[in-house]
Each structure stands twice: as C-alpha cells, then as structure tokens.
Amino acid sequence: MRSLLPDGMSAAKSASSTSSSAAVRHLTPPSQLSEAELIDGCLAGSRLMQKDLYDRFSGKMMAVCLRYAQTTFEAEDVLQEGFITVFNNLHSFRRECPLEFWIRRIMVNAALRQHRRNAPLVAVSEGEYPEDLAGEEFTLSNYAFEEMLSMVQDLAPRYRMVFNLFAIEGYGHKEIGEMMGISEGTSKSQYSRARAILKSKLERLDAHRPNATFRN
C-alpha cells in the first residue's frame, strides 16, 4: 500500500510549542503518550507526534474507508483526504468525545464527499418497502471481515452508503436523508434493498458454512 501520510501535515493554525509540551516530547516516546498529550504535541507542531497520531488510527480508519469505497485505491483516497481534514482542523477538536470517534466522523464525511463526486445518486422511486425489515437490527456473527467487505463493496454505491450509515454508523434514516440529499423514505427503501441483497448472499454463503449465522 502506498504511503498515505499527507505531505505538509502541520499545525499551522496552532500556537507555537510551550516549554511543557517540549519536555513531554523529549522525555516520553509518542506511542506512550496519553491522547491529550498527543493532541497537544500535534498542535505544537511536532511532526513525530503527527505521525504517531496517524499510525495510531490509520488502520482502524482504513477499515472504515474500505466499507464505503468500491476499491482499495478509492479507500486510500478517502483516508488521505480524511487525515488532511483531521490535521487541518485538530485545533477545533473540543475533546468532548474520544479522538477516535471524532476522526471516524471525519472519515465518514470524506466518504460522502467522494460518493457525491464519483457516483451521483440516480433517482429512485420511494415506492413500497417492507417496513418491518427496514427497522430490524442488522446483526452478523462468525463472518470474516474480508467476506463481509467484499459483499458490501459489491453493493450499488447508493445502497452501500445507506447501509453503512444506518447499519454500521447508527444514523437514523432522517439523518441519512439529510446527509445524502434524499428523502427519509428513499433512505429506508435503499437500506431495505441493500439488506435483502446482503441477506441473499449470506444465505448462499451459509450453505457452505453451516456454522455461520445471519440473525434478524
């Protein structure tokens, strides 16, 4: 995989380093710093700490990006764009939630932007959808990440986005509609369709893997 650490990541908008943060940088390896200390170091302009922040979260965030993208190359682009946003806006992070949660939201937003650029939504009739199915919890067990990733990536872009936002990220259909510029009903129908497609694929997979289960 090509290097995704953006060139020029810096804390240009942050204040200059204080003596206390400098002491922390010299005395403690970045990997052993607390989250707050790591953030302070990044804001003070430490390239070493910026790299460590990237290293701490890039693996998890790549997994997020892969679910939204159709290819690894597209996921890498989302990850790159996301981390540029992270470092450009780290000064605005209020520390009211875990840093990982904040970064994850940025990655999801980066994926949404890529979706708008590369795969404009095709108008879909809201029509009828099985309301009981759309409201069910989507629970999977005993499936390898690679198996699920391949199936999710095979979904049409609009289905893939809605499925991830609803089933994985936990957004409501009204929120998804606002995020994607579609109606709440369209979000529900697209999630229902995505779920039906995945369920069909998983049931076929179960025929060869009796220990795997798809639970409603």
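**Note on helix packing and salt bridges in a predicted model**

1. Helix H4, covering residues 72–89, has 18 residues and reaches 25 Å from its first C-alpha to its last, which is close to the 26 Å expected at 1.5 Å a residue. The expected span of a helix is taken as 1.5 Å times one less than its number of residues, and helices (H or I, at least four residues) are DSSP runs numbered from the N terminus. This is a predicted model, in which local features need pLDDT of at least 70 and side-chain atom pairs count only at pLDDT 80 or more, while totals for chains, interfaces and linings use all residues. Residues are numbered from 1 along each chain as its sequence is written, and side-chain values use heavy atoms, with hydrogens and water left out.

2. The buried residues of H4 are Ala75, Glu76, Val78, Leu79, Glu81, Gly82, Phe83, Val86 and Phe87, where buried means under 20% relative accessible area, exposed means over 50%, and partly exposed lies in between (1.4 Å probe, protein chains only). These buried residues of H4 pack against helix H2 (35–43), H3 and H5, contact meaning heavy atoms within 4.5 Å.

3. In the loop between H4 and H5 sits arginine 95, which has a positive phi of about 65° although it is not a glycine. With 37% relative accessibility, arginine 95 counts as partly exposed.

4. Helix H8 (residues 157–168) has 12 residues, which should span 16 Å at 1.5 Å a residue, and the 16 Å between its end C-alpha atoms agrees with that. Within H8, Tyr159, Arg160, Met161, Val162, Phe163, Asn164 and Leu165 are buried, and the buried residues of H8 pack against helix H3 (47–68), helix H5 (99–118), helix H7 (145–154), H9 and H10. After H8 comes glycine 170, whose phi is positive, near 85°.

5. A search of the whole structure finds 10 salt bridges, each being a side-chain nitrogen of Lys or Arg within 4 Å of a carboxyl oxygen of Asp or Glu. One of them joins the side chains of glutamate 169 and arginine 67, at 3.2 Å from N to O. This pair links distant parts of the chain, 102 residues apart, with glutamate 169 in the loop between H8 and H9 and arginine 67 in helix H3. Glutamate 169 and arginine 67 are both buried, and a network of salt bridges links Arg67, Arg104 and Glu169.

6. Another salt bridge is formed by lysine 201 with aspartate 154, whose closest N and O atoms are 3.9 Å apart. Because lysine 201 lies in helix H10 and aspartate 154 in helix H7, the pair ties together parts that are 47 residues apart in sequence. Aspartate 154 counts as exposed, at 53% relative accessibility.

7. Helix H9 (residues 173–180) and helix H10 (residues 184–206) pack at an angle of about 105°, their axes being 8 Å apart. H9 is therefore roughly perpendicular to H10, a description used for angles of 65 to 115 degrees. The contact is made by His173, Lys174 and Ile176 of H9 together with Glu184, Ser187, Lys188 and Tyr191 of H10.

8. Two of these H10 residues, glutamate 184 and lysine 188, also meet through their side chains in a salt bridge (3.7 Å, N to O). Being four residues apart in helix H10, glutamate 184 and lysine 188 are separated by about one helical turn. Glutamate 184 is partly exposed, with a relative accessible area of 37%, and lysine 188 is partly exposed, with a relative accessible area of 21%.

Notes
Axes fitted to C-alpha atoms, helices over the stretch in contact; angles between N-to-C directions. Helix = DSSP H or I, 4+ residues; strand = E, 2+ residues; numbered from the N terminus. Parallel < 35°, antiparallel > 145°, perpendicular 65-115°, else oblique.
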